[in-house]
Amino acid sequence: MNGFERRTEIKKKKILNTAFELFSKYGVQKVSIQEIAKSAQVSQVTIYNYFGSKDQLLLEAVKSYGFERLKTFQELIDDSSLSFEEKIRHIITSKTTDMLNFDLDFIQTLMSNQPEIKKFANEFAQSHSIPLFMKLIEQGKEEGVVNPSLSGDMIMFYINMYNQTMRNREFFQDKQSTQQFTEDMLQLFFYGISGARA
């Protein structure tokens, strides 16, 4: 990669990070290309030259964010200094914090009328998120924290129930309710509804 290509990639990355930050904070409909350009310190023409449209910019911003988060979680899971429980706590806390910080309209946009984003999310989960999480589950089994008799399908069924619940915004009205949700989810994950602790 030569100097021009490197500068182009840096500029694209800045635009994507800025777009995601503004979209997730204020909602897709309320953020204009002009505002993104001003915040990223580029021209609107540059954004259209790179991405073509606002919808395409949104898709690429979501992809970029997804792969950044994936890298973070890969590093977390590969960190041998942390226990399985510490890793799960970090993941759940991170997800619930996102829900608190993301604009409701932004979340609804991603879940409703964006077929390309849905397609990316499904492919991303199958190719990256699920295999990575199953690797973490295997660590949990090796540590004796996860029941070794549980199948991968059953564990994923449980995780999918959690992910469905994450779409219910009423759990994430403020910092206190988000913290309570996080603690309750960790309690359920590790000890079930009986409340029994090892």
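Modeller: Gladly. Start with Q41, which is exposed at a relative accessible area of 65%. Bear in mind that this is a predicted model.

Colleague: Why is Q41 called exposed?

Modeller: The cut-off for exposed is over 50% relative accessible area. Q41 has 65%, so the label exposed applies. Q41 sits in the loop between α2 and α3.

Colleague: Why does I36 count as buried?

Modeller: Buried means under 20% relative accessible area. I36 comes out at 0%, so I36 is buried. I36 is part of helix α2.

Colleague: Which residues is I36 in contact with, leaving aside neighbours within four places in sequence?

Modeller: The list is I15, T18, A19, L22, F23, V31, I47 and L57. A contact needs heavy atoms within 4.5 Å.

Colleague: What makes a set of residues a nonpolar core?

Modeller: The members must be buried, be of the nonpolar types on the core list, and be joined through side-chain atoms within 4.5 Å. The largest such core here has 48 residues. Those with the most contacts inside it are I15, F23, I36, I47, L57, I88 and F133. The largest share of this core, 9 residues, comes from α4. In soluble globular proteins, nonpolar side chains tend to be buried together.

Colleague: Which residues does I47 contact, leaving aside neighbours within four places in sequence?

Modeller: I47 contacts I15, I33, I36, A37, V42, G52 and L57.

Colleague: How do you know that the span of α1 is close to the expected one?

Modeller: Set the two values side by side. Helix α1, residues 3–26, has 24 residues.

Colleague: What covers the buried residues of α1?

Modeller: The cover includes α2 (33–40), α3 (44–51), α4, α5 and α6. The buried residues of α1 are T8, I15, L16, T18, A19, F20, L22, F23 and S24.

Colleague: What makes up the lining of the largest pocket, by class?

Modeller: There are 31 nonpolar, 7 polar and 5 charged residues in that lining. A lining residue has an atom within 4 Å of a pocket point, and 43 residues line the largest pocket. K95, A121, F124, S129 and N163 lie nearest its centre. The largest share, 13 residues, comes from α7. The volume is about 1,600 Å³.

Colleague: How does the lining of the second largest pocket divide by class?

Modeller: Into 14 nonpolar, 1 polar and no charged. That pocket has a volume of about 330 Å³ and 15 lining residues. V146, L150, I155, Y158 and F189 lie nearest its centre. Helix α8 gives the most to this lining, with 5 residues.

Colleague: Last, the whole chain. How many helices and strands are there?

Modeller: The chain has 9 helices and 0 strands. Buried residues make up 35% of its 198 residues. Of the contacts with a separation of 6 or more, 67% join residues 24 or more positions apart. The C-alpha trace spans about 60 × 40 × 30 Å along its principal axes.

Key:
Residues are numbered from 1 along each chain as its sequence is written. This is a predicted model: local features need pLDDT of at least 70, side-chain atom pairs count only at pLDDT 80 or more; totals for chains, interfaces and linings use all residues. Side-chain values use heavy atoms; hydrogens and water are left out. Buried means under 20% relative accessible area, exposed over 50%, partly exposed in between (1.4 Å probe, protein chains only). Helices (H or I, at least four residues) and strands (E, at least two) are DSSP runs, numbered from the N terminus. On a 1 Å grid over the protein atoms alone, a cavity is a set of points where a 1.4 Å probe fits but cannot get out, and a pocket is an open set with protein on both sides within 12 Å along at least five of seven lines; lining residues have an atom within 4 Å of a point. Grid points are joined across faces, edges and corners, and a volume is the space filled by probe spheres set on the points. Ala, Val, Leu, Ile, Met, Phe, Trp, Tyr, Cys and Pro count as nonpolar, Asp, Glu, Lys and Arg as charged, and the others, Gly among them, as polar. The expected span of a helix is 1.5 Å times one less than its number of residues.
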